[in-house]
Amino acid sequence: MRFAKFFSFKYLIALTLLFCIGILFLFPEVAYARPGGGHSYSGGSSGGNGGNGGGIIVFEMLFRLFFLLPPFLQIALIISIIIAVIWYHLNHQGGDKQVDNYIQSSGMDAYRFQQNQMANQAKQQKIDALIRKDPAFSEILFLDFAHSLYHKFYSSINTKNSRSVQPFLSENIKLFMRSDMAKTSPRTEVVVANIQISDIITTSEQIKIVVDFQSNYSTLYNEKNYRHILKERWVLVRNIETVSTSPEGLRDLACPNCGAPNDFNDAGVCGNCNTLIEAGEMNWMLDKIVVQEHQHYRAETLGTYAPEVGNNAPTIIDPYLKEKGARFIALHHLQNPAAYWESFMENVVEATFQTMYQAWSERDNWKSVRHLLSDRLYEANAFWIHLYQEKNYFNRLENITLEHIEPARITIDNNYESITVRIFAAAIDYTEDKNGRLIGGNKRTPRRFTEYWTFIRKIGVEKPESEFDTAQCPNCGAPADKMSDTSVCGYCGTKTNQGDFSWVLSNIAQDEAYQG
């Protein structure tokens, strides 16, 4: 009888413990997959409710050890777990903290902020000096060029298309493309998540621009598809006397002599003007690649995402924001800058935010925001949309709230102007399959996050922000329901997402990646 009572007591305790631990297991550490964030660019851990073999083994060990404890310790442990679960819920409800809490930083955040400010000031001075020497230089156009080169470089390794990038590569990089490692590792589905200028170095003979990339691509190994997550630093170089080519030449990796589309032979001779294009003499060339981080995982499992990092860090504000802001006000003859800023935030930033997140959540309606996003931003997120469609998963974003917006940076050159803001937002963020089964996330608790959004526009465009309409072609005003995959309006035949007519969202950077 005593044995039966003892067994019942043990059985009751075991069930209680199992229940409490089970509650904790209902909160998977999956980092959410909203557009622009959480897509495996910085690693993270696999999430969702798929079985984690290591977790099960650990749980089994703890379960066995539990029965070796005296009864009073078992009871104390159960009470502690229940208190921990209650504490977890009370401190992870979301939506009850003030926005001001975001800017309370730790010592490390403050150190990172100070270092970024100093680096940003030095970098901006170098960019301004380069523009004074080369008035046609544009940071926005240069990043378009770097992105295009990055994509074509990896996509063309060990293919016949490799000659299209030959005039833009140093001899060392060409050697890498011919190496055995390159031949055995074809890259596909190349996606650039974030790209920023890190530094500019000027010597007596060359100008070097250091560019940081966050990206990923797929490789096939033993008939299995792997996804690679990278942080890379590229060094692009050109002759000190070379000046920038036309905007079209930068975007399309065109011949820097005649502007024709990239049609080069193996020697680097343009097929249109028959000019030998020597790397670094007429345009930028890739001279060095440094891989800073490299992870990989099996691509069959969708659900490896990076956690939110940097929510509590102070906003990285360009030291020249006030000066550039005054120049922006003068350029556009703004009589009431405060009213303009309010209109920009409401009619451009918030409207784009809500429209894009709604389209992402609906999954199959992503094309409806084609005209609002730059090519690289649209394509990067379209890749993940495609994966969700293959798995028949939906990343749901509900109760989307844009809580606060802070200005961070303004740039102005002879071609483009840009405004970077930091957004503070929250959303119910979870992923489910077609049957409504929860794959990852939480259907009740809002997830809070911050990001840096950069909007670009051509110099000379004066369309009032109050006329910004996410549902219309920015050129002809027709409904934006016939946009092509390249953002060409089906009504007026115009490419709409290069800032020629209105603001375009060019980049979304996570807090841990943004350098200013």
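The model is predicted, so local features need pLDDT of at least 70 and side-chain atom pairs pLDDT 80 or more, while totals for chains, interfaces and linings use all residues. Residues are numbered from 1 along each chain as its sequence is written, and side-chain values use heavy atoms, without hydrogens and water.

First, the cavity. A cavity here is a set of points, on a 1 Å grid over the protein atoms alone, where a 1.4 Å probe fits but cannot get out; lining residues have an atom within 4 Å of a point. Points are joined across faces, edges and corners, and volume is the space filled by probe spheres set on them. The largest cavity holds about 260 Å³. Helices are DSSP runs of H or I with at least four residues, strands runs of E with at least two, numbered from the N terminus.

Now the salt bridges, meaning a side-chain nitrogen of Lys or Arg within 4 Å of a carboxyl oxygen of Asp or Glu. Glu139 sits in H5 and Arg409 in strand S7, so the pair ties together parts 270 residues apart in sequence. Glu139 is buried (under 20% relative accessible area) at 12%, and Arg409 is buried at 9%. Asp318 joins Glu139 and Arg409 in a network of salt bridges.

Terms used. 1 Å grid on protein atoms, 1.4 Å probe; cavity = no way out; pocket = protein on both sides within 12 Å on 5 of 7 lines; lining within 4 Å. Buried < 20%, exposed > 50% of the residue type's maximum accessible area, 1.4 Å probe, protein only.
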